[in-house]
Amino acid sequence: MKTAKRNIDDLKVISYYTGYIVIGTALLMLIPIVIALFTKEYEPLLDFLISMNISLIIGFTLMILGNVNKDKLYMEWKHGLIIASLSWILLMILCAIPYYLSSHMMSFVDACFDVMSGFTTTGVFLLQDLDHVSRSLNIWRHILTFVGGQGMVVLALTFLSAKTQGAYKMYVGEGKDVELVPNVKHTTRLIWQISLLYFLLGTFIFWLNGMYIGLKPLSSLYHAVCVFASAWSTGGFSPMSQNMLYYHSFSYEIVTIIFCILGALNFGFHYSVWKGNKKEIYKNIEIQSFFITIMITSFFIIKGLTKLSVYPDALSIFRKGVYGLISAHTTTGFMNLYARQFSLEWGNFANLIMIIAMLLGGCACSTAGGFKALRIGIVFKGFIAEIKKSLISERRVKVFKFHNLKDHVLDSDIVKSSALIILLYIILFVIGTMIGCYYDYPILDSAFESASVTGNVGLSIGITSVTMPQVLKVFYIIAMYLGRLEFISVFALVGFTIGGIKKVCMRK
C-alpha cells in the first residue's frame, strides 16, 4: 500500500508541474495570434486558436490531476529530471499542431521534427515552401527557438512561487546548473532579463543594418526579430529558405557572428561581466577553452580551403570558411552557402574540421549545444593534472583547481562526469553516422549530419529533407532531444517509465 501511494504521489508531482510548463508555453501562442490578426492571416489565426485551446485543456487537466495544493507536493531529484524531459516531449507534440494544420508539412512527424529542432535550437527543418509561409507561423518558429534557447522550464520557473519545492531540480533537468543568485526563481528571471536586453539591442542593430542593405523599415524589423532570435539562441532558423544567402551582406554576417558568439557564452559569464568582474574574461576556463578551440579549428579550416583553392581571396575564405566554422562551433547553424557545397567543394579535411567543431559546441548554461567548452577544459586540465601528479613526489599533496565564475577543486568525480557526458555525445554521434551509412548516404555526409543534430547545430550537407527515411527522421528527433537535455533527465524518464511498466506487469 505504501508503495502504491508513493507511486501516485510521484505521478501527482510530475503531472502538476508538467501541466504548469505546458500552460506557460501554450500562452506563447498569443503572440502569433496577435500577429495573424494584425496581418489578416485568418487561416493561421484559426490554427493557433485550435492549438492553444488543446494545449491549455491538456495543461489544466494535468494540473488538476496533480493536486490543488502544490505546497504539499514534495519534489525529489527524479521528479525534477522527469518533469523536464517529459514536458519537452509533450510540448513537441502540442506545438507541432499549428505546423501541421498550416498544410506546409508533409506529415505530423515532420512537424514534430521542426518543433524539436526549434526547441533544441538546432535549426534544420522540413517545412515546405518556407518563403511563402504566413508571418505568424514564421514568427512562431523563431519564438520556439528563442524560448528553447533559454528553456521552457526556465520560462515556467520565472513565474512560479519562490517557495516552490525543488525548483532547482527541474532547472538542472533542463541541462542548466548555474545559479546567478541563490534563489532559482531569481536566477531564471535574470536569464530572461539578460536575453531580453540583448533582444532589444540586437533587434535594433539588425533593423538598422537591414534598412542599410535595402530592406523596407517594416520588413527590416520583421527580419531583425527573426534573425536575432536565431542568432542569440544559436538556433539557425531564418525567415527565408536561403538563410543568410538571402541578405548578400557582409555587414549582416558580421553582426550575426557577434550575437552567435554572445549566445554561446554562459549566462553566468554574462552576468559576472555585467557586474564588473572583467577578470572573468581571461581567467574562466570555459572562455579559454571555447576561444582556443575556435582559433585552432578556424586555422585548420583556412588551411583546408586554401589548399583546395576553393575561394579566390582572404575575404571570401573568411566570409564562407571562417563564418561557417564559427556558425558550427557556436552550434548556430547559419548558412551563407548551399548545403551541397560542403560536400562538393570543401573537401574531406575541411568537412572533418566542421564535424569536430559542431561536436565541441559552445559553453555550458548557454543557448548552445555540443560537448560544451567547460567539459573540454575540465577533461584537458584533468589530463594535465594526472601527468603532473606522476612527476611530483608521493609525499607532496597538490590540490588542482580550475576557475569558472569561482574557484573549484578539480577532483576526479568532476573529470569523470565531464568525460562521461562527452562519451555519450560521441556514442550518439556514431550511432547517427551508422544509421546514415545504412541508408546508403556517404560516410562523411552521414557523419556531418549526425554531428549537426547531436550537437544541436543545424548545418546540413543535404541529407535532411522530407524524402529521407522515416527512421532517420525519428532518430534525428531523438538525437536533438538527448543532445539538448544532456542525457541524464531523459534517462531518468526512461527508467521511471520502464519501472512503472514492470510494476504493472508484476501485478498482472
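**Helix α13 and the cysteines**

Me: How many of the eight residues of helix α13 (residues 267–274) are buried?
Reply: Helix α13 is largely enclosed by the rest of the structure, because most of it is buried; here buried means under 20% relative accessible area, exposed over 50% and partly exposed in between, with a 1.4 Å probe and protein chains only. Helices are DSSP runs of H or I, at least four residues, and strands are runs of E, at least two, numbered from the N terminus. Phe267, Gly268, Phe269, His270, Tyr271, Ser272 and Val273 are the buried residues, so the number is seven of the eight.

A word on the model: it is predicted, so local features need pLDDT of at least 70 and side-chain atom pairs pLDDT 80 or more, while totals for chains, interfaces and linings use all residues. Residues are numbered from 1 along each chain as its sequence is written, and side-chain values use heavy atoms, leaving out hydrogens and water.

Me: Which helices do the buried residues of α13 pack against?
Reply: Contact here means heavy atoms within 4.5 Å. By that criterion, the partners are α7 (135–150), α10 (184–212), α11 (217–232), α12 (250–263), α14 (280–283) and α15 (285–308).

Me: Which residue caps the N-terminal end of α13?
Reply: Look for a side-chain oxygen 2.6 Å from the backbone nitrogen of Gly268. That oxygen belongs to Asn266.

Me: How far is the sulfur of Cys112 from the closest cysteine sulfur?
Reply: A disulfide is a pair of cysteine sulfur atoms within 2.5 Å, and the structure holds zero of them. Cys112 is buried, because its relative accessibility is 7%. The closest sulfur is in Cys95, too far for a bond, at 10 Å.

Methods: A polar contact is a pair of N or O atoms within 3.5 Å; within protein, one must be able to donate a hydrogen and the other to accept it, and residues adjacent in sequence count only if both atoms are side-chain atoms.
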